[in-house]
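Open the structure in your viewer and keep the selection tool at hand. The tour below says what to select at each stop and what is there.

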Amino acid sequence: MIRRQRLAAGVCALLAALTAGIAFPAGAVADETGHAAPKVELVLDVSGSMRTRDIDGGTRMAAAKQAFNEVLDATPEEVELGIRTLGANYRGDDRKEGCKDTARLYPVGPLDRTDAKTAVATLAPTGWTPIGPALLKAAADLNGGDGTRRIVLISDGEDTCQPLDPCEVAREIAAKGIGLTIDTLGLVPDAKTRDQLSCIADATGGTYTSVRHKEELTDRVGDLVDRAADPVVTPVATEGAARCAAAPALKSGLYTDREEFGQQRWYRVDVEPGQELRASVSVADDRAVHPDYGVLLRAVTVHGREIVRGEAAGTGRTDTVSTGLRYPKPDSDDDGAPAETVCLQVTNSFAAAAGVKTTPGLPLELTVDVVDGPSGHHDVASFGLGRGWWLLGALVLAGFLAGLLWGWLSRWRVAVWRTN
């Protein structure tokens, strides 16, 4: 009787939960948090030059379509996404008309992946490259709301609608203080396209990436869409020093700086006993550089002894090179043990191409995170096994018991055979 009553109560509770789920869908619960949905608009150049076949044997347009389809499949549910085109409709030679050729292909809002893919499939390289007008329209598409707003511009050429300079348009958008970021990607760009797209990105605190392969395009667009779903973090401008003693003291956060070619920049971080320092740095080549370069991040003591390092190298296929390090400071039995000052050194080996200005320095982004350190037995691997020792011990014990059982059964069968 008691079991029946408990079963009936459980069924009622389940029905109540299902009813509540129907009456208050997940979207309604999310709205109660008060956070506006992040918004992203992909702005794609569909001008005639996108017919060029120089990305992995296919056209630039084909690479863009493939990237969009894969990104649409992976877009987080909470992101409202839209697509705008430039140069997709007007086929004539009238420059005035060509510079009006920007259209909203898919409105910014909750994503219907099938509809968005269908819209992308209809695109064919057509006309002009009105980047400035497209940015103005895209900013209007994203207007309103307090959530993250990001424009991702993909183009393979310069704006053809001067004097409406797209750099000036980006600066005007930034000056409005609406918190809109423009990231740019150049498809097999020449020097002029690279400079213009870099200028647009820099004006709003965005990033510029040069793309020559389909996978690079897909990965980069996907990363930028995913980034829109992350909490907004405003980088803090800082200025590293030429030596540790004069370096700025940093706490957990995101920092930006400029570093000259081949220069060293120093920063200081205090780490308490039992804490772990996690640091990463990215340096971008926002101008023409020689293809072989690298970035080194070192953590050293105030006396110059190296603790740990992270390093990475590039070959010219990407415009940003990043590396990181971790330093767990052991806990101390002395409650009054002082914090340790760790000096972070950032060095790059970029070399400017002939005739390229070396000032201002290269954009540098430094992330510092000081967290509670792991316990000794949770994060230390013994002979590469770590927690695997428990599994290894269980397997040895199981094998031992299985061997005993098999031996006993074998002896019993032999004894029975002899008896018979």
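Predicted model: local features only at pLDDT ≥ 70, side-chain atom pairs only at ≥ 80, totals over all residues.

Residues are numbered from 1 along each chain as its sequence is written, and side-chain values use heavy atoms, with hydrogens and water left out.

**Stop 1: the largest nonpolar core**

Select L42, L44, I154, L185, L217 and V225, the residues with the most contacts inside the largest nonpolar core, which has 32 residues. Such a core is a set of buried Ala, Val, Leu, Ile, Met, Phe, Trp, Tyr and Cys residues joined through side-chain atoms within 4.5 Å. Buried means under 20% relative accessible area, exposed over 50%, and partly exposed in between, with a 1.4 Å probe and protein chains only. Elements giving two or more residues to this core include strand 1 (39-45), helix 3 (60-74) and helix 9 (214-229); helices (H or I, at least four residues) and strands (E, at least two) are DSSP runs numbered from the N terminus. Helix 3 gives the largest share, seven residues.

Now centre on L44. Among the residues it touches are M50, M61, A64, F68 and I154, leaving aside those up to four places away in sequence; a contact means heavy atoms within 4.5 Å. Another core, of 27 residues, lies apart from this one and includes V281, A299, Y327 and V368.

**Stop 2: helix 3**

Select R60, M61, A63, A64, A67, F68, V71 and L72, which are buried in helix 3. Seen down the helix axis, the buried residues fall within an arc of 160°, so they line one face of helix 3. The arc is that of the directions from the helix axis to the C-beta atoms.

**Stop 3: an aromatic pair**

How many aromatic pairs does a search of the whole structure find? It finds one. Select Y293 and F350: their ring centres are 4.5 Å apart and their planes are at 20°, so the pair is stacked. Rings of Phe, Tyr and Trp (its six-membered ring) pair if their centres lie within 6.5 Å; planes under 30 degrees apart count as stacked, over 60 as edge-to-face and the rest as tilted.

**Stop 4: S282**

Select S282 in strand 13 (residues 275-284). S282 counts as partly exposed, at 21% relative accessibility. The side chains of S282 and S322 are joined by a polar contact of 2.5 Å. A polar contact is a pair of N or O atoms within 3.5 Å; within protein, one must be able to donate a hydrogen and the other to accept it, and residues adjacent in sequence count only if both atoms are side-chain atoms.
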